Number of protein chains: 2
Amino acid sequence: MPFKPILSTLLLAASTLLVPPAHAAPTTTVTTATTGKEPITPVQPARVSNRAMVELGKQLFFDPRLSRSGAISCNSCHNLSMGGTDNLKTSIGHQWQQGPINSPTVLNARFNAAQFWDGRAADLKAQAAGPIANPKEMAFSHALAVDVLQSIPGYVAAFRQAFGNDRLGIDEVTQAIAAFEETLVTPNSRFDKWLKGDRKALTRNELDGYKLFKSAGCVACHNGPAVGGNSFQKMGLVAPYLTSNPALGRADVTGREEDRHHFKVPTLRNVELSYPYFHDGAAATLTEAVDTMARLQLGRQFSADENAKVVAFLKTLTGEQPRVSLPLLPPSTGKTPPPRPFDQP
Amino acid sequence: MPFKPILSTLLLAASTLLVPPAHAAPTTTVTTATTGKEPITPVQPARVSNRAMVELGKQLFFDPRLSRSGAISCNSCHNLSMGGTDNLKTSIGHQWQQGPINSPTVLNARFNAAQFWDGRAADLKAQAAGPIANPKEMAFSHALAVDVLQSIPGYVAAFRQAFGNDRLGIDEVTQAIAAFEETLVTPNSRFDKWLKGDRKALTRNELDGYKLFKSAGCVACHNGPAVGGNSFQKMGLVAPYLTSNPALGRADVTGREEDRHHFKVPTLRNVELSYPYFHDGAAATLTEAVDTMARLQLGRQFSADENAKVVAFLKTLTGEQPRVSLPLLPPSTGKTPPPRPFDQP
């Protein structure tokens with residue numbers, strides 16, 4: 001049973017590295033399969049308190065005018081038609097720059113203890129500010145994005161309705177985007193139905209996969225409502241993870257040598273939709289991802305049958321996708337700074 | 001009255017160049033303001049006969065996997081959040097190539113006599129095949145796009161449901177996309193309400209603008225249900241249109257010298273949303289576009305007041321935008337050829 005001591009290490013790591021979630025989701029205690037309490041908890045449907053704010057946030061999420069080119073929106077890389085991802089190894093930024101890291105899903109991101117693979121943003125609001133001003137992504141600036149929005153009467157009115165005042169700055173922009181993203185949860189997966197007592201919601205094979213997922217130790221890191229997202233862990237714990245991706249992960253935030261190649265554990269909700277996998281997008285399929293995780297994190301070689309069982313379980317984590325009506329964006333005016341897709345920087 | 005002979009020329013041109021619409025919309029006879037019959041006809045809501053086909057077409061319209069990069073969909077350049085356009089002078093293609101011409105709106109495109117600015121596609125189905133294989137746009141091939149779709153069980157099932165057989169080729173792909181695009185009409189604009197007898201639907205100012213639109217001769221080309229789209233006309237009829245855009249327009253299709261710089265007259269439906277204007281996207285505002293059109297096509301200099309009245313009328317052509325629920329796209333499989341955004345060609 002070579003995974004036992006590793007599991008202990010992981011549990012210790014989880015308890016020391018766990019960052020309290022920034023949002024409503026409670027920190028989930030890691031439990032073992034023997035306690036009777038399941039280590040994964042159901043996703044609850046989103047409750048909306050400020051409908052105008054969420055609608056505004058949805059417009060902003062889909063608005064490519066938040067980018068310098070006028071062509072890249074939040075939805076470009078966190079596509080709500082495709083599990084909240086772009087299904088690319090790494091994303092495409094301004095003037096087709098290659099992104100440094102795989103775009104994580106925005107679905108259930110509210111449950112993450114922190115945002116980005118390295119956790120450098122405390123919450124969704126802080127995260128939303130990043131790509132707008134990142135020269136490799138939307139390549140705009142907060143000031144320019146705000147200038148664009150302030151020139152559009154439809155937005156001025158929508159901000160007033162959402163916030164009850166005349167402020168329209170980057171704080172309001174990112175707050176509204178975060179409010180929309182808070183609604184992007186995926187309840188009622190087959191696994192959630194099983195958790196809630198519907199014993200027919202899973203097949204025998206899927207349930208075997210879940211049992212293996214627990215007994216093998218996957219659940220040490222992949223637990224809670226998002227089946228992950230609540231700790232940083234070293235990628236390549238038992239054996240090194242070989243990649244050409246230069247990201248250092250958590251060490252880029254903390255500056256600590258011991259955080260090198262520590263990354264936020266991704267959610268496994270909707271993992272069937274969020275391929276390719278890992279921070280470098282190197283694993284094209286769930287089969288490959290499960291095999292790599294077992295070997296490098298748990299020191300275990302799954303048989304083909306075991307792997308298939310775990311994959312079958314993982315596919316039961318696909319929940320009801322948010323039903324999004326495409327927003328209509330208020331038109332620019334003669335005062336709106338025009339997009340500049342082809343200008344040299 | 002310098003426009004009278006020009007109007008006659010235009011009417012002659014319209015009668016000789018008019019191409020019968022490929023779709024249901026009847027060719028509209030150009031009438032003058034004095035006949036009592038209005039030269040613009042209301043847009044009717046879309047009727048859907050094959051719901052499964054339309055839903056499939058919507059998925060395909062939003063699916064970036066029809067591009068080589070996995071990042072460009074039909075909706076990238078014909079964004080249904082933004083009047084069916086990208087609001088860029090010219091679009092951004094594969095690896096950020098600069099498109100040769102302004103992307104026309106897909107809204108009410110079914111009423112066009114032919115598709116593309118030069119009319120090289122007879123109908124929406126033929127149009128849809130173009131960008132997928134255009135190396136400057138989606139940069140894929142029909143065979144590769146079909147390979148991708150055939151590898152995705154969710155698509156295989158959707159094609160079977162839509163077509164009632166097991167064929168899944170580029171003909172079915174483009175037919176489904178066209179079926180979705182046929183639904184993208186914008187009825188019940190304020191102008192349509194006025195046409196149908198609601199005399200309060202337009203303000204005095206807007207009605208003055210419409211009268212001027214007719215009496216000045218704009219209506220010679222901008223008529224019918226789409227307020228355009230049913231003839232090719234020379235850009236720069238009275239005086240040359242100066243542009244750095246090298247497009248020859250209709251001459252690229254016919255090879256005839258006399259078709260140089262003849263372009264399809266664009267629809268003016270939702271023109272408030274489809275900025276910037278003209279085949280080169282050079283006019284940023286309606287004010288500028290109206291001024292240029294009056295000078296170069298009608299030999300007329302509108303006063304600021306006249307221009308504003310015509311612009312006010314044009315804004316009454318904004319109709320009810322299609323309410324589109326974002327489609328959920330079936331996930332790729334291990335057999336799906338992966339996207340190649342960064343490969344060198």
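In which sense, left-handed or right-handed, does H2(B) pass H6(B)? The crossing is left-handed; that term applies if the near helix is turned anticlockwise from the far one by less than a right angle, and right-handed if clockwise.

This is a predicted model, in which local features need pLDDT of at least 70, side-chain atom pairs count only at pLDDT 80 or more, and totals for chains, interfaces and linings use all residues. Residues are numbered from 1 along each chain as its sequence is written, chains are lettered from A and ligands numbered from 1 in the order in which they are written, and side-chain values use heavy atoms, with hydrogens and water left out.

**Helix packing in chain B**

The two helices are H2 (residues 51-62) and H6 (residues 153-163) of chain B. Helices are DSSP runs (H or I, at least four residues), numbered from the N terminus. Their axes come within 8 Å and cross at roughly 145°. Axes are lines fitted to C-alpha atoms over the stretch in contact, with angles from 0 to 180 degrees between N-to-C directions. From H2(B), the contact (heavy atoms within 4.5 Å) takes in B:Ala52, B:Met53, B:Leu56, B:Gln59 and B:Leu60. H6(B) supplies B:Tyr155, B:Ala158, B:Phe159, B:Gln161, B:Ala162 and B:Phe163. By class, there are 9 nonpolar, 2 polar and no charged residues. Ala, Val, Leu, Ile, Met, Phe, Trp, Tyr, Cys and Pro count as nonpolar, Asp, Glu, Lys and Arg as charged, and the others, Gly among them, as polar.

**Salt bridges**

Over all chains, the structure holds 38 salt bridges. Each is a side-chain nitrogen of Lys or Arg within 4 Å of a carboxyl oxygen of Asp or Glu.

| Pair | Closest N and O atoms |
|---|---|
| B:Arg65 and B:Asp63 | 2.9 Å |
| B:Arg160 and B:Asp166 | 2.7 Å |
| B:Asp208 and B:Arg204 | 3.3 Å |

B:Arg65 and B:Asp63 are both buried. Buried means under 20% relative accessible area, exposed over 50%, partly exposed in between (1.4 Å probe, protein chains only). B:Arg160 is partly exposed at 42%, and B:Asp166 is exposed at 63%. B:Asp208 is partly exposed at 25%; B:Arg204 is exposed at 52%. B:Asp208 and B:Arg204 lie 4 residues apart in helix H9 (residues 204-215) of chain B, so about one helical turn separates them.

In chain A, salt bridges link A:Arg51, A:Glu55 and A:Lys58 in a network.

**Confidence in chain A**

The average pLDDT (the predictor's confidence in each residue, from 0 to 100) of chain A is 91. At least 70 is reached by 89% of the residues. Over residues 1-35 of chain A, pLDDT stays under 50. For that stretch the model has 63 contacts beyond four places in sequence.
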